[in-house]
Amino acid sequence: MRTLLILPLLLLAPSAFAANYGAPMPEGEPVSIDVAARDPAAHGGAPAKFSGRITEVCQKKGCWVVLEHEGATARVMAKDHGFEVPKDSTGAAVAYGVLEQEPISAEHARHLVEDDGAKAPAERELRIVATAIEIAD
């Protein structure tokens with residue numbers, strides 16, 4: 001009987017099957033990266049949850065990931081290099097942090113490509129300075 005009661009609860013709690021990095025993930029619904037990308041000013045300036053699919057991970061330390069949804073992307077940077085994710089991370093993820101639209105200097109672009117194994121970034125990119133990342137198993 002207990003098993004029958006627990007099983008529905010597990011199915012309703014997807015975060016029970018997720019790996020968390022950084023600070024505990026706050027409650028609340030995330031904004032999809034494509035929605036945030038359409039109007040960065042409306043979604044920036046204050047911490048929020050953002051969702052997407054991991055397409056890249058820093059291959060040096062795991063200190064950033066790129067989230068993508070519907071063609072829009074954002075680089076999620078661990079705030080103050082405060083945590084790392086596994087370098088082979090893939091799949092759905094939610095990041096909690098502050099969304100910014102940042103210019104990428106030539107030096108930073110070189111660092112991302114040569115040192116971290118990233119694809120060449122655009123001159124400006126969406127960036128989330130995150131205190132937490134949750135990756136679905």
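**Chatting about strand E5**

Biologist: How many bridges join E5 to strand E7 (residues 124-136)?

Modeller: Four bridges join E5 to E7, and the two strands run parallel. A strand here is a DSSP run of type E with at least two residues, numbered from the N terminus, and two strands pair if DSSP finds at least two bridges between them. In E7, Ala130 stands opposite Ala78.

Biologist: What should I know about the model?

Modeller: The model is predicted, so local features need pLDDT of at least 70 and side-chain atom pairs count only at pLDDT 80 or more, while totals for chains, interfaces and linings use all residues. Residues are numbered from 1 along each chain as its sequence is written, and side-chain values use heavy atoms, leaving out hydrogens and water.

Biologist: OK, and E4, is its pairing with E5 parallel or antiparallel?

Modeller: Antiparallel, with six bridges between E5 and E4 (residues 64-69). One example puts Trp64 with Met77 of E5 as its bridge partner.

Biologist: Which residue takes a positive phi in that hairpin?

Modeller: Glu70, near 55°, and the hairpin has two residues between the strands.

Biologist: Why is E5 largely enclosed?

Modeller: Six of the seven residues of E5 (residues 72-78) are buried, so the rest of the structure largely encloses the strand. Buried means under 20% relative accessible area with a 1.4 Å probe, counting protein chains only.

Biologist: Is Cys58 buried or exposed?

Modeller: Cys58 is buried at 0% relative accessibility, and Cys63 counts as buried at 9%.

Notes: Buried < 20%, exposed > 50% of the residue type's maximum accessible area, 1.4 Å probe, protein only.
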